[in-house]
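Trainee: I am new to this structure. Please take me through a single part of it, slowly enough that I can follow along.

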Amino acid sequence: MKHININNLGPLRHAEVDLEKFNVVIGPQSSGKSCLMLYDQTIEAFFNLSIIGK
């Protein structure tokens, strides 16, 4: 499980989320669902590149 704490990213002012292997994100249009998932993918890709580069 990953715990993500986000402040001021796109429409998200503050979000604390526990991510499991499978997650369903539900909310109104333009509420930050895509920002949340892109943030998670970007951070994970960064750490994977850091590990591969060593």
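Mentor: Here is a close look at Lys2 and its contacts. This is a predicted model, where local features need pLDDT of at least 70 and side-chain atom pairs count only at pLDDT 80 or more, while totals for chains, interfaces and linings use all residues. Residues are numbered from 1 along each chain as its sequence is written, and side-chain values use heavy atoms, with hydrogens and water left out.

Start with the place of Lys2. Lys2 lies in strand E1, residues 2-9. Strands here are DSSP runs of E with at least two residues, numbered from the N terminus.

Now look at its partners. Set aside the neighbours within four places in sequence. Lys2 is then in contact with Val17, Asp18, Leu19, Asp40 and Glu44. Contact means heavy atoms within 4.5 Å. Take Val17 from that list. Lys2 and Val17 are 15 residues apart in sequence, and their C-alpha atoms are 8.1 Å apart in space.

Two of the partners deserve a second look. The side chains of Lys2 and Asp40 are joined by a polar contact of 2.7 Å. Another polar contact, of 2.7 Å, joins the side chains of Lys2 and Glu44. A polar contact is a pair of N or O atoms within 3.5 Å; within protein, one must be able to donate a hydrogen and the other to accept it, and residues adjacent in sequence count only if both atoms are side-chain atoms.

Definitions and conventions
Helix = DSSP H or I, 4+ residues; strand = E, 2+ residues; numbered from the N terminus.
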